[in-house]
Amino acid sequence: MSEVLFDRVAFIGIGLIGSSLARAIRRDGLARHVVVSTRRPETLDKARELELGDSYILDPAEAVKGANLVMICTPIGAQESVAQAIGPALMPGAIVSDVGSTKMSVIRDVGPYLPEGCHLVPGHPVAGTEHSGPEAGFAELFQDRWCILTPAPGTDPEAVDLVRRLWEAVGMRLEIMGPEHHDKVLGITSHLPHLIAYTIVGTACALEEDVKKEVIKFSAGGFRDFTRIAASDPVMWRDIFLNNKEAVLEMLQRFTEDLTALQRAIRWGEGDVLYKHFAKTREIRRGVVEMHQAGTFIPTEKDKKDAKPSEG
């Protein structure tokens, strides 16, 4: 069993990331008590069925009472209303963190509602699958992935260190950067690729019915990858694009300019231009592999059963 880092951890929201973290915390004994709170009673019932926590409470304000760590795992668009609800109930010294893909929005939407003496340590575990919901989680999701923390200047270093130790304990590698820089980096590595995937699959959906059937029937690896990405939670990605629009629009403009240059090279038969571009981008793939970011382990049902949370 690992070192106990927190007496009480409260999860507000329990989707893929939250349920995976709850499983890992219980598996490794990182907290003495885990509280799960969700907006919908049926989701809370599912979390109870999966034994993701020790107690289950619909009211988020009630759920965070006495919690040393509060993990906001809701869609980004719901973070402000959550912060408003839980702020008055937080105990002195409580740490509030999150798992969202945009970080300037957390500073803006959560920070103002935390009472003095509480600590905001925004976080982004860069891991996931196209699946969503508490049943989609598995404790191994975070192994050898990166987690980015974006605390504001002046944040209590002990609070930051505790959140860092939690993510490291479940298998992640840590990076600390400013929230604005994070949003720009993720704009190109995550948000723009999802936008492109949604667009390509949407284009296929708009084809004539007979052509669309053939596209689906003969999907090659590239299109299959796009459909996997485009199957991600639409609520989550709607909120990401609306909350990181400046960075996404900047990267989209750059992408559009590069796409126009490739379009010209194809039209004019500039094979050397195409070759140089493809050779250069191939190096990026090699770098991704070398950084162990080439794929996420997806467990079988047996893996999930073996990783079932412990009772204590």
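**Exercise 1. Determine which residues Leu166 is in contact with, leaving aside its neighbours within four places in sequence.**

Solution. Contact here means heavy atoms within 4.5 Å. With the neighbours within four places in sequence set aside, the partners of Leu166 are Leu5, Phe6, Leu21, Ile25, Leu30, Leu69 and Met71. The structure is a predicted model, in which local features need pLDDT of at least 70 and side-chain atom pairs count only at pLDDT 80 or more, whereas totals for chains, interfaces and linings use all residues. Residues are numbered from 1 along each chain as its sequence is written, and side-chain values use heavy atoms, with hydrogens and water left out.

**Exercise 2. Identify which residues touch the most other members of the largest nonpolar core, and which elements supply it.**

Solution. A nonpolar core is a set of buried Ala, Val, Leu, Ile, Met, Phe, Trp, Tyr and Cys residues joined through side-chain atoms within 4.5 Å, where buried means under 20% relative accessible area, exposed over 50% and partly exposed in between (1.4 Å probe, protein chains only). The largest such core has 41 residues, of which Phe11, Leu21, Ile25, Met71, Phe142, Leu166 and Trp167 touch the most other members. At least two residues each come from S1, H1, S2, helix H2 (41–49), S4, strand S8 (146–149) and helix H6 (157–169); these labels denote DSSP runs numbered from the N terminus, helices being H or I of at least four residues and strands E of at least two. H1 gives the most to this core, with six residues. Another core, of 22 residues, lies apart from it and includes Ala61, Val64, Ala94 and Val110.

**Exercise 3. Work out the strand order of the open sheet, and explain why S1 is described as largely enclosed.**

Solution. Two strands pair if DSSP finds at least two bridges between them. Six strands form the open sheet, with parallel pairing, in the order S3-S2-S1-S4-S5-S6. At its edges, strand S3 (55–56) and strand S6 (119–121) each pair on one side only. Six bridges join S1 to S2, and Phe6 has Ala31 in S2 as its bridge partner. Five of the seven residues of S1 are buried, so this strand is largely enclosed by the rest of the structure.

**Exercise 4. Describe how H7 and H11 cross, and which residues meet there.**

Solution. Axes are lines fitted to C-alpha atoms, for helices over the stretch in contact, and angles run from 0 to 180 degrees between N-to-C directions. The axes of helix H7 (residues 179–205) and helix H11 (residues 245–267) come within 9 Å and cross at roughly 65°. Among the residues that meet are His191 and Leu192 in H7, and Met251 and Phe255 in H11.
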